[in-house]
Amino acid sequence: MKKRDTGELMITGDYFAKRKVVDVLGKDTANAWTMPMGDIATAATDAGFLIERLVDPRPLKELEDLEPQTFYRLSKIPEFVIFKLLKL
């Protein structure tokens, strides 16, 4: 969501709510779930993993020409996080 007066992107909703999100990818869909980072980290460590690295991915420059609005949005607020885990 954007603020009308500044055009600034805003995150809305309940950060702590766990919810399913269905992304449309052309004619396909992908299911994902949102949850707090602490819950994700706890689930990983409780399952016997060590979090070796956490990455907030940034969009590839090529996306800017293909979908400028998506590139701008993902440049400001990543939609997912990558965990590199090691099994203990």
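Asp39 and Lys18 form a salt bridge, with their closest N and O atoms 3.5 Å apart; the term denotes a side-chain nitrogen of Lys or Arg within 4 Å of a carboxyl oxygen of Asp or Glu. Because Asp39 belongs to helix H1 (residues 37-46) and Lys18 to the segment before E1, this pair ties together parts that are 21 residues apart in sequence. The model is predicted: local features need pLDDT of at least 70, side-chain atom pairs count only at pLDDT 80 or more, and totals for chains, interfaces and linings use all residues. Residues are numbered from 1 along each chain as its sequence is written, and side-chain values use heavy atoms, with hydrogens and water left out.

**Salt bridges**
- The structure contains four salt bridges.
- Asp39 is partly exposed at 31% relative accessible area, while Lys18 is exposed at 57% (buried is under 20%, exposed over 50% and partly exposed in between, with a 1.4 Å probe and protein chains only).
- Lys61 and Glu64 meet through their side chains at 2.3 Å, N to O; Lys61 is exposed at 57% and Glu64 partly exposed at 29%.
- A further salt bridge links Arg73 and Glu79 at 2.7 Å, N to O, and Arg73 is partly exposed at 33%.

**Strands**
- Strand E1 (residues 19-25) and strand E2 (residues 28-34) run antiparallel and are joined by seven bridges; strands pair if DSSP finds at least two bridges between them.
- Helices (H or I, at least four residues) and strands (E, at least two) are DSSP runs, numbered from the N terminus.
- Val22 has Asn31 in E2 as its bridge partner.
- Two residues separate E1 and E2 in a hairpin, and Gly26 in the turn has a positive phi of about 70 degrees.

**Aromatic rings**
- One aromatic pair is present: the rings of Tyr15 and Phe16 are edge-to-face, because their centres are 5.0 Å apart and their planes are at 80 degrees.
- Rings of Phe, Tyr and Trp (its six-membered ring) pair if their centres lie within 6.5 Å; planes under 30 degrees apart count as stacked, over 60 as edge-to-face and the rest as tilted.
- Tyr15, in the segment before E1, is partly exposed at 49%, whereas Phe16 is exposed at 63%.
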